[in-house]
Amino acid sequence: MATQAGQDAKFFQRGKIQEFRAELHAAESKDKKFVKRKTVLKKIVANITMGNDMSPLFTDVVQCLGIPLLEIKKMVYLFLVCYGRSKAEQIHLVIPSFLQDCNDRNPLVRALAIRTMSYIPIPVVTESLTEQLRHCLKDRDPYVRKTAAICVAKLYTADPRKAEKGGFVEMLRDLLLDANATVVSNAVAALSEIGDRQDGVIFKLNLTVANKLLAALSESSEWGQIYILDSLLRYVPERHSDAELMAERVIVQLGHANSAVVLTAIKVLLYLMNYMENRRLMDYICKKMGPPLVTILSSGPEVQYVALRNILLIIQRRPNVLKNDVKVFFCKYNDPIYVKLAKLEIMYRLAHTLQKSTSTVRKAVRSIGRLAIKVEAAADDCIKALLDLIETKVTYVVQEAVIVIKDVFRRYPGKYEGIIPVLCENFDALDEPESKAAMIWIVGQFADRIDNADELMDDLTFTFMDEPVEVQLALLSASVKLFVYKSQSETSKALVHKVLKWATEEVDNPDLRDRGFMYWRMLAINPAVAGEIVLAEKPAITTDSDRMDRGALDQLLLHTGTLGSIYHKNPETFIRNAGGKALADSPALNPLSRQVLVPIARSNLPTAVQIPGPGPPEPPKDAPEALGVKPILPIHGGSGSDSDLIDASSSGDHNGDEDNDEDYIASPSGAGDPYANLGGAFGGYTTDEPKPHTDDLLF
């Protein structure tokens, strides 16, 4: 392969259209083994790869379609894929060759022809494709069938009504029961692509077909396994036992070497856990999901970031998954900034689940403050989170929040002083020197904005002689600031005199005593200058998000391992024609999950599509189906009645939801969460905003 690649490198030289045309015409004579034409076509393909426009050679290249050599046919068909759409007026020249190759004895040629036709969404090609595609879906060779399955999705993109009226969706449904695992996975991929469209037929699975797909899982390729696992989200368990048995069959995929397969398996398990009642099994699944996630974190920074963004969603729903692995998320000196910020967010999340590890909680709270100081765009969200933490009234949490808020005040002067009353309400919770000193600094620094600052300082200085030196220094400085702000107040005069007398006469610490003498002399010589010195502008701090709505979290969890899980946005918000997903109701759904169900609206096709064969009973006039919801595509299994094969109780795709409060990290304040949208949690360090595709991309 390396030798072949080295030989082909010589073709990557810019050439002229006239030269290529002359070489093709010259090769028509004395070219028995088609070596000359093969060489010219390689040059043309190389120029296409380099971005040169080779479309003027359309008529010359298509004449090579009649050559019975697979390598030449591949290059000609590649040329047609590139320029067939732009040469709609000449595409009729290749239709006979398309039809001939669709009936070739070689399955590779048949598959190549049908695939190329599906890439050219022009009416004349689509019309010719329809009948040939119907035959290829029933071809004796599995390679042709698996290629034809993908072509159905492309046909649906070009003309949804033709695809549905032609019965191609039903033929795809039949391929789900094919004996070849690759054919099954491609059929699943095509049906998923169709079902994800807002105007597509709803793709759902019943228990019989879901079990057959699981049986094909072990024989499928890695991409096939991803498609099959992802399709299991379209199965809605009706009994707890069904979900538990299926989870036991999926859990073995957590040991797969491919990280995409692992993330998809985790997504399916999180979904199925919403329909379980076996607490022991759920705990076991959470325990098994941890090591694979930790393994992914050993990859490069880009893969790490993808894993971290997914983990941030997972631990909000199932915090037990990584409750004992907080150290994995400690920042390293060489981590990129986007990885560090993601790790800080996760550590803060996990800290709420480690009730006995107060040191971890303290680090998490301080991380929020550091994030606010370092990333200005995230400061508002961080302050809201800190206020929520203060509302919890947990002593050590309140104290850490006060400490970091003091630094935030210095970083953003004049911006967040409105929260000072909230801090003053929590004076009694401060019993540690650092937090007490921080609060005293806040009172002194903003004494002109606190009406009862003199009363607060009087209470704080009552125990001056018993306080640690750190608190005494803070009280001394705050008393002087209070006097500068309120020099006419008798209370402030008496207070500063008392504190200065203690500091200079009754305290043994030299630092405290020297500072007391300095303040006393400045106030005695020139109080105005003393005020300018004490209240001088402080240098800015330069040291080197959060609760998400439960329903929104449930939706995002079903996009685990996708672009949506990185942006923390549902794909329909940034991908054109993408259909939304939501958890489906069923008798097995946990009550708490049912409370946060999110309805998904789907647009209708211009006209209703009648699907022949057995199907669900006609809904009553007031049922959702009668009001314009898309008909549900019946999926036939191997046995059982029609009612067993079709689920007409709900529509749309399904997403995971949480079932028990103990598995769901509650918002610290218990009230409305300011972090319902995590899209801006990382300030300017996130990637560019996603843009809709200009063309529909399939697979």
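Visitor: Why is Phe464 called buried?

Guide: Buried means under 20% relative accessible area, exposed over 50%, and partly exposed in between, with a 1.4 Å probe and protein chains only. Phe464 has 0% relative accessibility, so Phe464 counts as buried. This is a predicted model: local features need pLDDT of at least 70, side-chain atom pairs count only at pLDDT 80 or more, and totals for chains, interfaces and linings use all residues. Residues are numbered from 1 along each chain as its sequence is written, and side-chain values use heavy atoms, without hydrogens and water.

Visitor: What makes Trp502 buried?

Guide: Its relative accessible area is 18%. The cut-off is under 20%, so Trp502 is buried.

Visitor: How many aromatic pairs are there in the whole structure?

Guide: A search finds nine. Rings of Phe, Tyr and Trp (its six-membered ring) pair if their centres lie within 6.5 Å; planes under 30 degrees apart count as stacked, over 60 as edge-to-face and the rest as tilted.

Visitor: Why is the pair of Phe58 and Phe79 called tilted?

Guide: The ring centres are 6.2 Å apart and the planes stand at 45°, so the pair is tilted.

Visitor: Are Phe58 and Phe79 buried or exposed?

Guide: Both are buried.

Visitor: What makes the pair of Phe464 and Trp502 stacked?

Guide: The planes are at 20° and the centres 5.5 Å apart, so this pair is stacked.

Visitor: Which residue has its charged end over the ring of Tyr119?

Guide: Lys154, at 4.2 Å from the ring centre. The rule asks for NZ of Lys or CZ of Arg within 6 Å of the ring centre and within 35 degrees of the ring normal.
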